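Me: I have a structure to go through with you. Could we work through it step by step?

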Amino acid sequence: MKLVFFLISILISSTSYAFTVDRNTIMVEGPVTQKSAGEFIRKLAKSKPGSLVNIFINSDGGDVDAAVKMITIMDKYKTNCYAIKARSAAFNLFQFCDYRKASENAKFMIHHTFVQVEKGMTVSKNELINEFASITVLD
């Protein structure tokens, strides 16, 4: 498996794209963008909903809205994700997978939690505290 990750990282450039190795294996490489999200969704749609899909991630992240689009369709599949690098929005993809495995020396980055309260919304301090109390922080 280490050799596969190594070869994949050498063969892939820093451009943004998602491509398939076979019908049930998708590579996410480079920045997460609206374009790469569209490519990812088209590739994933070739697999039957409910089927097992392997997703390899090597990305510094990017557009959060694009990642949300990708995650939304991932919900229809059983996903195994393998990370070389999953930072920012790419970490969100990795986090959503049913099964996650990282390569030795994998790189991850998670932003601080951000809460947006829009005009007209009411959120009590206790609701926010209870929500964040459920988050486990690992040393």
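Predicted model: local features only at pLDDT ≥ 70, side-chain atom pairs only at ≥ 80, totals over all residues.

Me: What volume does the largest pocket have?

Reply: The volume of the largest pocket is about 310 Å³.

Me: And which residues line the largest pocket?

Reply: The lining consists of V64, V68, S88, F91, N92, F94, Q95, R100, M109, I110 and H111. Two or more of these residues come from each of helix 3 (64-74), helix 4 (89-96) and strand 5 (99-109).

Me: Which element gives the most to that lining?

Reply: Helix 4 does, with 4 residues.

Me: How many residues of the lining are nonpolar, polar and charged?

Reply: The lining has 6 nonpolar residues, 4 polar ones and 1 charged one.

Me: Let us turn to R100. Where is R100 found?

Reply: R100 belongs to strand 5, and R100 is also one of the residues that line the largest pocket.

Me: Why is R100 called partly exposed?

Reply: R100 has a relative accessible area of 43%. Partly exposed covers the range between the buried limit, under 20%, and the exposed limit, over 50%, so R100 with its 43% is placed there.

Me: Which backbone oxygen does the side chain of R100 reach at 3.2 Å?

Reply: That is the backbone oxygen of Q95.

Me: Which residues is R100 in contact with, leaving aside neighbours within four places in sequence?

Reply: On that basis R100 contacts C81, F94 and Q95. As for I55, which is 45 residues apart from R100 along the chain, the two C-alpha atoms are separated by 9.6 Å.

Me: I55 brings me to the core. How many residues has the largest nonpolar core, and which have the most contacts inside it?

Reply: The largest nonpolar core has 25 residues, and F40, L44, I55, I57 and M74 have the most contacts inside it. At least two residues of this core are supplied by each of strand 2 (25-29), helix 2 (34-44), strand 3, helix 3, strand 4 (78-87) and helix 4. Helix 3 provides the largest share, 6 residues.

Me: What does M74 contact beyond four places in sequence?

Reply: M74 is in contact with F40, L44, I55, T79, L93, F96 and C97.

Conventions. Residues numbered from 1 in each chain as written. Heavy atoms only, no water. 1 Å grid on protein atoms, 1.4 Å probe; cavity = no way out; pocket = protein on both sides within 12 Å on 5 of 7 lines; lining within 4 Å. Points joined across faces, edges and corners; volume = space filled by probe spheres on them. Nonpolar A, V, L, I, M, F, W, Y, C, P; charged D, E, K, R; others polar. Buried < 20%, exposed > 50% of the residue type's maximum accessible area, 1.4 Å probe, protein only. Contact = heavy atoms within 4.5 Å. Polar contact = N/O pair within 3.5 Å; in protein donor to acceptor, adjacent residues only side chain to side chain. Core = buried A, V, L, I, M, F, W, Y, C linked by side-chain atoms within 4.5 Å.
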